[in-house]
Amino acid sequence: MYFDSVYQLITMDGHGVYVWTAVVVTLVVLVSLIVKPLRQHHKILQTIAREIELEQLVKTTASQQEATDASNP
Amino acid sequence: MLNMQWTWFHRLGSPRWFYQKTQRWLPWLSAITAVLLLVGLVWGLAFAPQDAKQGNSFRIIYLHVPASFLALVGYYIMAISGAVGLIWRIKLSFMVMKSAAPIGAALTFVALFTGAVWGKPTWGAYWVWDARITSMLILLFLYLGILALRYTFSVSEASDRASAILGLVGTVNVPIIYKSVDWWQTLHQPATIKLTGAPSMHPDMFAPLLLMIIGFYGFYFLTLMLFTRAEILHRERKASWVRELVSKKRAEV
């Protein structure tokens, strides 16, 4: 390591505040750039799944309706 | 031969093909990117020697330069994919363009922010209206403009075309940013890495920077794939292949 101690690595001769602020903010932005599309992806998959369920429900009720209509003319 | 090239081109333009291919690329790209960024950052922060003039504050370079670099490259990627969409009417390239906007905006923000916290100990000010910094701020506004345009319209061809044209107009700004440190007397230091000639940096400092730049490239394409995949599902949600995919996933659960 370039620094003599962990304490020096953190303080960086008075520049630590600037360097570590830059590191933390950058990492937060980078992580959010990964999390955001993954969440979107997950949400869209759920929406599509719900749409498919709804369509199947509509289909089955329609066919049941037809069946009851046929048995009770 | 010509025929083969065109099938390749068309397959590349197919959202389904892209979605399925990237599924296999994602784990590899994530692993490589994570390793590069981790090694580059630890090396740059803890092991590289400090700068003779600036001291330790120079270590911000390991975030600032790669972020700025990809913010500019990302603008070209966005503008070119918009142009490809306009010319060949390829749906996928509009999706890529839309996905590139939030990534570019975030990276431009990182470039400006890390520049500001680097500026304080180096120049004594967080912000100066210097040519490089001001043109970078314009880049942020261009990205935000395209994002705003996307949120105002719903998904439509008109909105895709409008964003693509705005993106193309904005490309004028990119060479201005790149050349600003040479054209004007600026407080901002000249480029550390030039396309021609050796870098003006000691190899011990340069090696981690190179790792970080390659790592940021990996990160850029990783997030571009993730955003594009979500966009593909959103736009193609009525397509049969998406329906099959979702049904299959539900059956697995």
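Helix 2 of chain B and helix 8 of chain B are roughly antiparallel to each other, because their axes cross at roughly 150° and angles over 145 degrees count as roughly antiparallel. This comes from a predicted model. The axes of the two helices come within 7 Å. Helix 2 covers residues 15-47 of chain B. Its crossing with helix 8 of chain B is left-handed. What kinds of residues make up the contact of helix 2 of chain B with helix 8 of chain B? They divide into 24 nonpolar, 9 polar and 2 charged.

Now step back to chain B as a whole. Chain B has 9 helices and 0 strands. Read from the N terminus, its elements run α-α-α-α-α-α-α-α-α. The C-alpha atoms of chain B fill a box of roughly 60 × 40 × 40 Å along the principal axes.

Helix 8 of chain B also packs against helix 4 of chain B. Helix 4 spans residues 91-123, and helix 8 spans residues 203-235. Here the axes lie 8 Å apart, at an angle of about 130°. The two helices are therefore oblique to each other. Helix 4 of chain B passes helix 8 of chain B in a right-handed crossing. On the helix 4 side, the contact residues include B:Leu92, B:Phe94, B:Met95, B:Ile103 and B:Leu107. On the helix 8 side, they include B:Phe216, B:Tyr220, B:Leu224, B:Phe227 and B:Ile232. Charged residues take part too, among them B:Lys98 of helix 4 and B:Glu231 and B:Arg235 of helix 8. By class, this contact has 13 nonpolar, 3 polar and 3 charged residues.

Next, look at where the chains meet. How many residues of chain A are in contact with chain B? There are 32, and they contact 47 residues of chain B. The size of an interface is often given as the accessible area lost when the parts come together. Chain A and chain B bury about 3,500 Å² between them. Of that area, 75% is on carbon and sulfur atoms. In chain A, the residues that lose the most area to chain B are A:Tyr2, A:Tyr18 and A:Leu33. Together they account for 18% of what that side buries.

Salt bridges also join the two chains. The count between chain A and chain B is 3. A:Glu51 forms a salt bridge with B:Lys238, with the closest N and O atoms 3.7 Å apart. Over all chains, a search of the whole structure finds 9 salt bridges.

How values were computed: Residues are numbered from 1 along each chain as its sequence is written. Chains are lettered from A and ligands numbered from 1 in the order in which they are written. This is a predicted model: local features need pLDDT of at least 70, side-chain atom pairs count only at pLDDT 80 or more; totals for chains, interfaces and linings use all residues. Side-chain values use heavy atoms; hydrogens and water are left out. Axes are lines fitted to C-alpha atoms, for helices over the stretch in contact, and angles run from 0 to 180 degrees between N-to-C directions. Helices (H or I, at least four residues) and strands (E, at least two) are DSSP runs, numbered from the N terminus. Angles under 35 degrees count as roughly parallel, over 145 as roughly antiparallel, 65 to 115 as roughly perpendicular and the rest as oblique. A crossing is left-handed if the near helix is turned anticlockwise from the far one by less than a right angle, and right-handed if clockwise. Contact means heavy atoms within 4.5 Å. Buried area is the accessible area (1.4 Å probe) that two parts lose on being put together, summed over both. A salt bridge is a side-chain nitrogen of Lys or Arg within 4 Å of a carboxyl oxygen of Asp or Glu.
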